[in-house]
Amino acid sequence: MDEREKLRKFRELDDAFAEALRELESPDSKLDIPTGPPVRSLEERDQDDEEARQQAFEQRLKTLMSEYAQPAESVSHLLQTLKSLGHIA
């Protein structure tokens, strides 16, 4: 491609870009610009992560209780004892 062809293509691209900017700035613009999915805040993401960890913990605890045939009252008493001894927060 010679220099004239490159320059012509550049001008076409520049013109198209300028036109797109004018359309975006126009208050009457009816362009349907895809913006993607809504962005979650870090706080929301952390909350979702915490809920997922909580659900995973509860499922694992239920599985262990079932495997070792321990009723909820017994596990609750164990956790209260561990907490009172300062082994868990």
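**Labels and their grounds**

Analyst: To begin with the surface, Phe17, Leu21 and Leu24 make up a nonpolar patch with about 300 Å² of accessible area together. Leu24 belongs to helix H1, residues 3-25. The model is predicted: local features need pLDDT of at least 70, side-chain atom pairs count only at pLDDT 80 or more, and totals for chains, interfaces and linings use all residues. Residues are numbered from 1 along each chain as its sequence is written, and side-chain values use heavy atoms, with hydrogens and water left out.

User: What makes Phe17, Leu21 and Leu24 a nonpolar patch?

Analyst: A patch is made of residues with over 30% relative accessible area and no salt bridge; nonpolar side chains (Val, Leu, Ile, Met, Phe, Trp, Tyr) are joined within 5 Å, like charges within 9 Å. Phe17, Leu21 and Leu24 form such a patch on the surface. Accessible areas come from the Shrake-Rupley method with a 1.4 Å probe, and for residues only the protein chains shown count as cover. The accessible surface of the protein comes to about 8500 Å², of which 56% belongs to carbon and sulfur atoms.

User: How many helices and strands are there, and what pattern do they follow?

Analyst: There are 3 helices and 0 strands, and along the sequence the pattern reads α-α-α. Helices (H or I, at least four residues) and strands (E, at least two) are DSSP runs, numbered from the N terminus.

User: Why are Lys6 and Glu3 called a salt bridge?

Analyst: A salt bridge is a side-chain nitrogen of Lys or Arg within 4 Å of a carboxyl oxygen of Asp or Glu. The N to O distance for Lys6 and Glu3 is 3.9 Å, so the pair meets the cut-off. Being 3 residues apart in helix H1, Lys6 and Glu3 are separated by about one helical turn. Side chains of opposite charge can pair when their charged atoms come close. The whole structure holds 6 salt bridges.

User: Why is Glu3 called exposed, whereas Lys6 is called partly exposed?

Analyst: Buried means under 20% relative accessible area, exposed over 50%, and partly exposed in between (1.4 Å probe, protein chains only). Glu3 has 59% and therefore counts as exposed, while Lys6, at 45%, is partly exposed. Of the 89 residues of the protein, 2% count as buried.

User: What are the distances in the salt bridges of Asp46 with Arg45 and of Glu50 with Arg53?

Analyst: The closest N and O atoms of Asp46 and Arg45 are 3.9 Å apart. Asp46 is partly exposed at 43%, as is Arg45 at 38%. For Glu50 and Arg53 the N to O distance is 2.8 Å. Both residues lie in helix H2, 3 residues apart, about one turn of the helix. Glu50 is partly exposed at 41%, but Arg53, at 51%, counts as exposed. Elsewhere, salt bridges that share partners join Glu5, Arg8 and Glu12 into one network.

User: What makes the phi of Ala69 worth a remark?

Analyst: Most residues other than glycine have a negative phi. Ala69 is not a glycine, yet its phi is positive, about 50 degrees. Ala69 lies in the loop between helix H2 (42-67) and helix H3 (72-84), and at 63% relative accessible area it is exposed. Just after H3, Gly86 also takes a positive phi, of about 80 degrees.
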